[in-house]
There are 2 protein chains.
Amino acid sequence: MQPAVPVVETISAIRSWSRAARARGVSVGLVPTMGALHEGHLSLIRRAAAECAEVIVSVFVNPMQFNDARDLAAYPRSLDADVPTAASAGATAIFAPSEGEMYSFGAPLTRVEVSRLTDGLCGAARPGHFAGMATVVTKLLAACEPDRAYFGEKDYQQLVVVTRMVDDLNLAVRIVPCPTVREPDGLAMSSRNARLSPAEREQAPLISRALRSAEAAFRAGERDAAELVRLAREVLAGATLGAMDYVELVDARDLTPVTRVGRDALLAVAVRFPSARLIDNVVLRV
Amino acid sequence: MQPAVPVVETISAIRSWSRAARARGVSVGLVPTMGALHEGHLSLIRRAAAECAEVIVSVFVNPMQFNDARDLAAYPRSLDADVPTAASAGATAIFAPSEGEMYSFGAPLTRVEVSRLTDGLCGAARPGHFAGMATVVTKLLAACEPDRAYFGEKDYQQLVVVTRMVDDLNLAVRIVPCPTVREPDGLAMSSRNARLSPAEREQAPLISRALRSAEAAFRAGERDAAELVRLAREVLAGATLGAMDYVELVDARDLTPVTRVGRDALLAVAVRFPSARLIDNVVLRV
């Protein structure tokens, strides 16, 4: 039997819940999600449960971070299934606000903008996405007041942006990065994977295979960015149903393009299949 | 003898101080200032002390909200005098961080932007000012974690912007507006008044006199915005040393221009004297 966890729908109620925990002297973790929980989310929840006495899993599909209305409409929603799944991994509360609760003043006039780090990669392909994400993360942190918040490395640029935002704004939370979880064939776990057609699903593992190919060359001594990118593109060319949004090698800390790998670098890929846009990355550690 | 208040210089220390107060079950008020405290600030501190058991007065001249380097360089600084003054009005802690403490990661990449409300009035005249202000207020709120924060109505646009930002971001603080405090001759209290030459100081009360003139007409039934603005400008024309930045009548809630006063409206004025730019306003209540 699953433990019963409260499903909290209002900001004031989740804040009271979190403050009550703090008043008892225990730590609170937050795992922000858009629901449709998969093993990737569960690994974040398990990590949070290992480090914090109380774990809030927020489930909110944030319209403000979708630059594509079709993507928003198609985004999977499954709260009834998500609640017991989150509980089984260690969640002790679910925060599932409505859109009206999160945006009770109507379209927000306030945006949290993080510059530079959002210029490239998905920032270039998805205008407004990172401001929408950073704004809702600020709102979720203000609502849940966690000691720690857990983010996956699959969305690496998001992780870098959130970490910098928390530093810049002096928010009282520690951002904890967690490794990407993969299907047996290497495909990075994503809620969007469920939208792939069988043929697309068959090609999707080429994304991680392309990253592994470049990584192997890097380990064998290759440091030239153009060559590493070329190796990845060569494998990705097999994904004939998808269009490459980008294959880029950037500095792992500030996300600026690099021509030779001198310090830790991020090789990041986005492929647009007809049914879903997928992203993945690998950090090439010097 | 003044009560001794701690002068806290780090974010982590003021947060601990605030959390200790909350753990004792008492409320914390914040009065954010740029120092050079005058009677206007003291009225905010007294109000905070009447409503909160603990009162933090922050003193930080925030470079990010100055669009004019000369204005920043000329801004008065007097922490040694400010500490006992704040204490005498009821402050129980002073938060006086250095620039290095507030911007320890260098120039911030993160900006809190509030749209629409910042388009007109001082937003038009001071590009970047409100983003800088909103960003530092977010940081001060995150550092001090107050239950209430006190803002003067003299900076009316700032008050409207901060209130909306707190609502939009679901920050756990109540913004308390406080009435403008004036010199005997009507001049609104401002740290910048000290910079006026004797001749400028003599003309400066024309600003509040202009507002009173329009207000009197409004009370007598005048509702036409152009006429109310004309009346104010007529008085302001006597301030021959100053240049009018703006004289505008806007909706008191959303700050959009109005042509007739149908609901509460704000008549706002900015005058640029050679030594300092001064602002003032009156709310015309329907």
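Author: The expected span of a helix is 1.5 Å times one less than its number of residues, where helices (H or I, at least four residues) and strands (E, at least two) are DSSP runs numbered from the N terminus. The model here is predicted, so local features need pLDDT of at least 70 and side-chain atom pairs count only at pLDDT 80 or more, while totals for chains, interfaces and linings use all residues. Residues are numbered from 1 along each chain as its sequence is written, and chains are lettered from A and ligands numbered from 1 in the order in which they are written.

Reader: OK, then how many residues does α10(B) have, and what does it reach from its first C-alpha to its last?

Author: Helix α10 of chain B, residues 206-219, has 14 residues and reaches 20 Å between its first and last C-alpha, which is close to the 20 Å expected at 1.5 Å a residue. Just after α10(B), Gly221(B) takes a positive phi of about 120 degrees.

Reader: Which residues of α10(B) are buried, and what covers them?

Author: Buried residues (20 or more other C-beta atoms, placed from the backbone, within 10 Å of their own; 12 or fewer is exposed, in between partly exposed) are Leu206(B), Ile207(B), Ser208(B), Ala210(B), Leu211(B), Ala214(B), Glu215(B) and Phe218(B) in this helix. The cover over these buried residues includes α9 (198-203), α11 (225-236), β9 (265-272) and β10 (277-284), which belong to chain B.

Reader: Moving to chain A, at what angle do α10 and α11 pack?

Author: Helix α10 (residues 206-219) and helix α11 (residues 225-236) of chain A pack at an angle of about 150 degrees with their axes 8 Å apart, the axes being lines fitted to C-alpha atoms over the stretch in contact and the angles running from 0 to 180 degrees between N-to-C directions. That angle makes α10(A) roughly antiparallel to α11(A) (under 35 degrees is roughly parallel, over 145 roughly antiparallel, 65 to 115 roughly perpendicular, the rest oblique). Among the residues making the contact (C-beta atoms within 7 Å) are Leu211(A) and Phe218(A) of α10(A), together with Leu228(A) and Val235(A) of α11(A).

Reader: And how do the axes of α7(A) and α8(A) cross?

Author: The axes of α7(A) and α8(A) come within 11 Å and cross at roughly 50 degrees, which makes α7(A) oblique to α8(A). Phe130(A), Met133(A), Ala134(A) and Val137(A) of α7(A) meet Gln158(A), Val161(A), Val162(A) and Met165(A) of α8(A) in that contact.

Reader: Switching to the contact of the two chains, how many residues does each give?

Author: Chain A gives 25 residues and chain B gives 25 residues. On the side of chain A, the elements that give two or more residues are α1 (11-23), β5 (110-114), α7 (129-144) and α8 (156-168), and the largest share, five residues, comes from β5(A).

Reader: What about Leu255(A), buried or exposed?

Author: Leu255(A) counts as buried because it has 22 C-beta neighbours inside 10 Å. Leu255(A) sits in the loop between β8 (243-251) and β9 (265-272) of chain A and has a positive phi of about 60 degrees although it is not a glycine.

Reader: Last one, where is Val283(A), and what does it touch?

Author: Val283(A) lies in strand β10 (residues 277-284) of chain A and, leaving out residues up to four places away in sequence, touches Ala252(A), Asp264(A) and Leu266(A). Val283(A) counts as partly exposed because it has 13 C-beta neighbours inside 10 Å.
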